[in-house]
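Biologist: Hi, could you walk me through a few spots in this protein? I'd like plain answers that I can check on screen.
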Amino acid sequence: MTSIVQALHDRMATTHHQSTTATTHQDNTQPSFRTLTFMTFHSILSLGIIGSIDSIQPPERYKIVVLDAKTNKIVLSACKMFDIMDRNVTLVEMLESKRQAYASLEAVYLLTPCMESVQRLMDDYPSDSPTGKYKAAHVLFTAPLEDRLFERLTKSPVSKYIKTLRELFMDFTAIESRVFSLESPSSFYTLYSPAKKMELSAEMDSIAKQLVSVIATLGDFPSIRYFRPPETEDGKRTQSMRLAGLLQSELEAYIRSNQDMAGRQQGQGTILILDRSIDITAAIVHEFTYQAMANDLLPIEDGTKFTYDIENGDGTTEAVSVVIDESDQVFTDIRHAHIVETASTLTSKFNQFVAENEALRGDSDKVASLRNMKDQLANLPQFQDMKAKYSTHIHIAKECMRIFEESKINELGLVEQQLATGETVEGHLPKQVLAEMVPFLDDPDVSGMDKARLLMLYMICRGGLRNEDQEQLLGLARMSNDNVEAIRNLGLLGVNTERGGSAPRSKKKPFYPRKKPEDEDQPFDLSRYITKAKKIVEEHISGTLDPILYPYTTEAPTLDSQDSTRSLRKTAQPAWEKKRPNVKGSRLMVFIAGGVTYSEIRAMYELCHSMGRDIVIGSTHIITPRQFIFSLKDLARGPLRPIAPVIPPYSAPVHAQQQQQQRPGPGGSRTVGPGPGPGNNTMPPQGRGPPPQQGSGRPMAPGSGGAPGPGGMRTIQKDASGRFVAPPSPHGPPRSPALPQHPPQHHAPPPPEEKKKNKMFGFI
C-alpha cells in the first residue's frame, strides 16, 4: 500500500508527467526543498485521482466517470478536466443529475461515502430492470464506508454490477500548494454554538476522520500536538483537546488496518491541532497584503472567482469572470506582498515581460504606474492571456486602494494595530486609544462592519467592558442589532466580554506576550500584528514551545542519536537536552478547526522560506473577517437557515424516471455522450479519445491497481459466491461498527447474526 507521495516520487524518477496540474507549483517566497518534500497538494491529489481512474481498464477501453457534488469539488481543486478525459474517458457526469443510460460502457464512480450518494448509486441499477444504467460499475469512495452503508450497498442489486470496490483517502480539497480545506463552514457553528451541543461529538469525529485522509495521502505517521490552555486543568476539555484525542484514536486504527504501516513508529512529522479561539484577533483585524485584502474588501467567491465590469472600445460595459489561483503566475508573485508593494511589483513584472518579448520592444518607454500599464496593455492584442491576467490584478489593486481610502481604513488600521499589538508605532503603551477610537465610532462614513471590528478588538484588548461602557460605545456607533449580537457572542469563543461593577481588568498572563520590536521584521505600520499561529510554529520548530500549554497526545519525540546536528563533544548531555522535541527536518502540518485566515496562510509560507521547513496548513474552511463576523451574529442560536449541504438530500426517483433509455454504442467503437446541457458536465469533443483499435489499450489489466494510488487505498475483494468480503485486520482487534449519522431509509437493518466480523475498513 504505497502512499501518493512515494508513488509520485517514483513516477517522477522514471517518466515526465504531462499533466499541467500534476506539475509542482513553486512559490517565489519558498526555498528549493527536496523534490519529495515539496509536493503540492494539487500534485498529490491529482496523482491519486488520475491514477485511480487510469487503473480501471475495461475491455472496451473507453469508460464514463461519475462524480457527486462533493467529489466534483475535490477533483476540480486538483485536476483539469482534460487530464481526466485523457484517460480514455468519454464523458464525465454528475451523480445527482438525470443521466442517459449507456449499457455498452463501464462507469467509474468517484463518490463520497454517504447515504445520499450510495442510494443514488443503487438507483442506477434497479432490481426491476434487466440492465443497469451502465455495463458495469467501478466504485471508488473518497473515504472508507461505514458498516451500515457497506451492508446496504453489497446486499443490493447493484453488487452484481460492481467489478471494483475501493476505499481511498482523499476526503479533502486542495486550496493551494500548501493549503487544504475540509470544506465545512458549518463546523464553526457546531464547534462553538450552545445550540449545537448535541451535534458536537459527531462533528469532531467527522473532522478527525477527514484529517486521517490528509495524513494517509501524505504518507506520514505524525505525532499529535495540541493547544491546552491553563483553564482546562480542572478537566474541562477545549475543542483542540477533544479533536487531538479523537485523531490519535483514528490514526492508530488506520495504522492497525494498513499492513504497509506495520512497524512504523509515531513521530514521523508533527500535526499541530489548534482551533479558532486561539487567535480571535487574526480573524478580525484588517490585513493589507494583496490576497487577504482583496478577499476582505471585494466580492471574491470561494477565494478564487472574481467578477467585474470592463469597458469595451465602443463604450459599453461587459461583466467578466476570472479565476484567481496558482495557475496564474502573476497572482502567485504578488499574493503575499503588501498592497503598497503590489503596484511596484506589478509594474516591474510587466516591464520584465515586455523586455522578454521581441514584439513589444517597439515601445521603449517603460511603464511607471498602474495607469500607464493599463494603457499599454490595451495595445497588446497578441498577448491576450497575459493581458487578461495583468488587467485583472490592476483592477483588483486599484479597487482595494479606492476602498482603502474612501472607507478611511488607512487611519482606522493604525488604531486596530495598537489594539492588536498592545503598542503604538513607537513601541509605547497606547494610553489614548479610546480617544482615537471615538471619532471613528461616530463617523457615518465608517461602515458598521468596520465599527464592529474596532469594538471587538477594543474588548479583547481590555479583557472585557462594564455593561454601561458597552452600551455607551454601542450607542455612539449606532450599531445594528446583528453587529451587537456578533460582539456579544465573542464570549462563546472564550473572550471576556463583560466586567462587573468596578472590578479591575483581568491580569491573566497572555499565552504569547509581545516580542521586542527589534526582534520583528514588520516594515509597515499597518502590518505590525503577527498571528499567534506563526509564533506557535516558530517556537515549535525552535524547540521552545511550552510543553504544558502544547502537549503531545503521546510521548514527545526525541532527537535521534545519529542526528547530524548533535554536538560531537564527549561530555555528557544534560537530561533536559536529551528530551528536546525532534522536529528538525520533518513535515509540520498545522490544522485550525473553525476556520483559517489568509494572514495565517501567508505566515506559513513565510516560515517555509525563513526556516527552511516543509509546512502545510489546513482548516475546516477558509474565512475572511466579514465571513467571521457574519457567522458570529448567529452563533448563540445557530444559523437561522441551515447551511445547504454540498451533496443534495436524496429523494427517491419517480417510477417514470426509472425507465432506462439506452443508447448502446456500436461494438469496437467509442460511444459518444449527449451534448452539453443542464445537469451534464459534458466534455468538449476534442477531449474525447479516438476510436479504440486492436491492441491499443494501456498495459494494465482491467481493474488492476497498477497505477499509483492514494496512501492507504483498500480494495475490497469478492469471495467465491460473488459477495464482497473485507479482509480481517492484521493488527489488533476488529473495530466496533460505526454509529449511523443518518437513519436508514427504505430498508430494514440487517439481522444481528449477519453482521460481518473482523471488518477492517470504515475508519472515516
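Biologist: What do the buried residues of α20 pack against?
Modeller: In this predicted model, where local features need pLDDT of at least 70, side-chain atom pairs count only at pLDDT 80 or more, and totals for chains, interfaces and linings use all residues, they pack against β8 (223–226), β9 (270–275), β12 (588–593), α22 (598–611) and β14 (615–619). Contact means heavy atoms within 4.5 Å. Helices (H or I, at least four residues) and strands (E, at least two) are DSSP runs, numbered from the N terminus. Residues are numbered from 1 along each chain as its sequence is written, and side-chain values use heavy atoms, with hydrogens and water left out.

Biologist: And which residues of α20 are the buried ones?
Modeller: In α20 (residues 532–542) they are Ala-533, Lys-534, Lys-535, Ile-536, Val-537, His-540 and Ile-541. Buried means under 20% relative accessible area, exposed over 50%, and partly exposed in between (1.4 Å probe, protein chains only).

Biologist: What comes just after α20?
Modeller: Gly-543, with a positive phi of about 80 degrees.

Biologist: Let's jump to His-621. Is that one buried or exposed?
Modeller: His-621 is buried, at a relative accessible area of 9%. You'll find His-621 in the loop between β14 and β15 (622–623).

Biologist: What does its side chain make a polar contact with?
Modeller: The side chain of Thr-620, at 2.9 Å. A polar contact is a pair of N or O atoms within 3.5 Å; within protein, one must be able to donate a hydrogen and the other to accept it, and residues adjacent in sequence count only if both atoms are side-chain atoms.

Biologist: Leaving aside neighbours within four places in sequence, what is His-621 in contact with?
Modeller: Ser-181, Ser-184, Pro-185, Phe-188, Gly-594, Gly-595 and Val-596.

Biologist: New topic: where does Thr-307 lie?
Modeller: In strand β10 (residues 305–311). Thr-307 is partly exposed, with a relative accessible area of 41%.

Biologist: Which residue's side chain does the Thr-307 side chain make a polar contact with?
Modeller: Ser-321, at 2.8 Å. Leaving aside neighbours within four places in sequence, Thr-307 also has Ala-319 and Val-320 among its contacts.

Biologist: Last one: at what angle do α17 and α19 pack?
Modeller: About 20 degrees, with the axes of α17 (residues 448–462) and α19 (residues 481–488) 10 Å apart. Axes are lines fitted to C-alpha atoms, for helices over the stretch in contact, and angles run from 0 to 180 degrees between N-to-C directions.

Biologist: Which residues meet there?
Modeller: Gly-448, Met-449, Ala-452, Leu-455, Met-456 and Met-459 in α17 meet Asn-483, Ala-486 and Ile-487 in α19.
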